[in-house]
Amino acid sequence: MQGITISGFADEICNDFAQQLTVVKRLGMAYISLRSAWGKNIADYTPDEIRETVLPCLQTAGVKVSSLGSPIGKIDIQDEPAFQRQLAQLESLCGICKLLDCRYIRVFSFFIPPEQDPEAFRDRVLEKLAQFESAARQHGIILLHENEKGIYGDTAGRCLTLLRSIGSPYLRAAFDYANFVQCGQDTVQAWQLLHSYVTYIHVKDALASGGENVVCGTGDGQIEPLLRRAIRQDGYQGFLTLEPHLALFDSFKTLEQQTSSGGLSISKAKDGAEGYRLQYEALQAILTRI
């Protein structure tokens, strides 16, 4: 489909980066979102390490990078030492972006202490996120805020607060259907609020009852009608990034806070490669119908 490119978090396939690229190429994909390689998170790499290890593999495979799936902002809002470490990591990630000819870095808006009102932390979140935005702007890199469970910007309304308050072309939205479902949000209403800020879309679906991740289009994320609206009505062009969460992959435990109310499905695919293929084929079918 013109203007639409499928990418994906290839580390859900396996830890081995070369094997990730083999699976991606077999499916006919030309882009990945780089979150980890050989079990090492992208934020823990230096630009020199990427140049020496990751970049040659990408070049050999003929695969490009749509975004860096960083953990920036996925820390407690009150953890100042962690914030300072992440500011330094973000500088390094901007250098990696330039090396990989990539425009986007995925970020979050800080975990809020349990049982406390997120609005009590609004000003602190905005101040820290503005520092992230300033660092990225100096490099011409766009930060993509993902609506992750448990962070300040987990609901559509608070996402809108962040995006409006920062008001920068260097901070945009990565729209994640499943995360909104798991937060009890209506994804249609979320899209109506946020679509003018959305620059990137994560293709992940979930059931409202229990929060289990399922193949895209089979859950409560309203993925097909919302993609139809995004492409046909709102003029969305850009990446659709697979994030299946359909099999237990090695780095999952470091990626999100799991709760008893929902999360990863471990019964939909026998392994990461099959889960990735199932999600890719389901998305292709949706795009064909659109």
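User: Why is Asp-234 called partly exposed?

Analyst: The relative accessible area of Asp-234 is 27%. Buried means under 20%, exposed over 50% and partly exposed in between, using a 1.4 Å probe and protein chains only. Because 27% falls in between, Asp-234 is partly exposed. Keep in mind that this is a predicted model, where local features need pLDDT of at least 70 and side-chain atom pairs count only at pLDDT 80 or more, while totals for chains, interfaces and linings use all residues. Residues are numbered from 1 along each chain as its sequence is written, and side-chain values use heavy atoms, with hydrogens and water left out.

User: What makes Arg-229 and Asp-234 a salt bridge?

Analyst: Their closest N and O atoms are 2.9 Å apart. A salt bridge needs a side-chain nitrogen of Lys or Arg within 4 Å of a carboxyl oxygen of Asp or Glu, so this pair qualifies. Elsewhere, shared partners join Asp-11, Glu-12, Arg-35, Asp-176, Lys-204 and Glu-243 into one network of salt bridges. The whole structure has 18 salt bridges.

User: What does the salt bridge between Arg-106 and Glu-146 tie together?

Analyst: The closest N and O atoms of Arg-106 and Glu-146 are 2.6 Å apart. Arg-106 sits in strand 6 (residues 104-107) and Glu-146 in strand 7, so the bridge links parts that are 40 residues apart in sequence. Strands here are DSSP runs of E with at least two residues, helices are runs of H or I with at least four, and both are numbered from the N terminus.

User: Are Arg-106 and Glu-146 buried or exposed?

Analyst: Arg-106 has a relative accessible area of 7%, and Glu-146 has 1%.

User: How do you know where Arg-137 and Glu-133 lie relative to one another?

Analyst: Both are in helix 4 (residues 122-139), 4 residues apart, or about one turn of the helix. Arg-137 is partly exposed at 41%, whereas Glu-133 is buried at 6%.

User: Why does Glu-148 count as buried?

Analyst: Its relative accessibility is 4%, and that value is why Glu-148 is classed as buried. Glu-148 belongs to the loop between strand 7 and helix 5. Its side chain makes a polar contact with the side chain of Asn-179 at 3.4 Å. This meets the limit for a polar contact (a pair of N or O atoms within 3.5 Å; within protein, one able to donate a hydrogen and the other to accept it, with residues adjacent in sequence counting only if both atoms are side-chain atoms).

User: Why is Glu-224 called buried?

Analyst: Glu-224 has a relative accessible area of 19%, which is under the 20% cut-off, so the label applies. This residue of helix 8 (residues 223-233) touches Ile-286, Arg-289 and Ile-290, leaving aside residues up to four places away in sequence. Touching means heavy atoms within 4.5 Å.

User: Which secondary-structure element gives the largest share of the lining of the largest cavity?

Analyst: Strand 8 does, with 3 residues. Among the lining residues are His-145, Glu-146, Cys-159 and Phe-175. Lining residues have an atom within 4 Å of a cavity point; a cavity is a set of points on a 1 Å grid over the protein atoms alone where a 1.4 Å probe fits but cannot get out.

Technical notes. 1 Å grid on protein atoms, 1.4 Å probe; cavity = no way out; pocket = protein on both sides within 12 Å on 5 of 7 lines; lining within 4 Å.
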